[in-house]
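Hi,

Here is the structure for you to look over. My notes follow below it.

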Amino acid sequence: MHGLEVLTLFAGALAGFLGALVGIGGGVLLVPLLNSVMGLSFAESRGVSLVGVLGTSGSAAMAPARRRLVNPRLATYLLFFSVSGALIGAKYLHGLPERTNELIFGVALGAVAVLMLGRRNTRNVLPAGTTDLGVFGGRIHDDENSCEMAYRVKRLPVASVVAFV
């Protein structure tokens, strides 16, 4: 293996690890690396990142069922916005110069970073006995506290916009 291939393999593993650890897509790290270090075009880098999403999404969905980490109602709802955004983006963004696509990607990453930093050290959990969880709320087993916790989805419009973008 060549040095660049080893670097790419390491970057992919790191992107997957960070994605699982922090809950962000590995493309945040992978797309810029493939574009700037590996010399792939921005479109090729995005494509490689999207193929990686298939593997990580599938493995995340296989989380133990007793932990109930997957919320199918919320996932289906946000999937609508994700797919709509992808279809609209594919239709209109391909005609833009690559530099414009890079800037849009950078602004989107910056906006998500600001949202995530604003929410750090904040947990959106309720006492286990809470009955009104809303349409998309649910319950999870919290390993950290060894108990069941409930959550209610807040800022659904923000999540919808982020999914769309």
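Glutamate 102 and arginine 99 sit 3 residues apart in helix 5 (residues 98-118), so about one helical turn separates them. Helices here are DSSP runs of H or I with at least four residues, numbered from the N terminus. An α-helix has 3.6 residues a turn, so residues three or four places apart point the same way. The two form a salt bridge, with the closest N and O atoms 3.2 Å apart. The rule is a side-chain nitrogen of Lys or Arg within 4 Å of a carboxyl oxygen of Asp or Glu. It gives a count of 1 salt bridge. Arginine 99 is exposed, at 54% relative accessible area. Exposed means over 50%, buried under 20%, partly exposed in between (1.4 Å probe, protein chains only).

Please keep two points in mind. This is a predicted model: local features need pLDDT of at least 70, side-chain atom pairs count only at pLDDT 80 or more, and totals for chains, interfaces and linings use all residues. Residues are numbered from 1 along each chain as its sequence is written, and side-chain values use heavy atoms, leaving out hydrogens and water.

Next, helix 4 (residues 72-92). Its 21 residues reach 30 Å from first C-alpha to last, close to the 30 Å expected at 1.5 Å a residue (1.5 Å times one less than the number of residues). Leu74, Ser84, Gly85 and Gly89 are its buried residues. The buried residues of helix 4 pack against helix 6 (156-164), with contact meaning heavy atoms within 4.5 Å.

Leucine 14 is in helix 1. Leucine 14 is partly exposed, with a relative accessible area of 31%.

Best wishes

Notes. Helix = DSSP H or I, 4+ residues; strand = E, 2+ residues; numbered from the N terminus.
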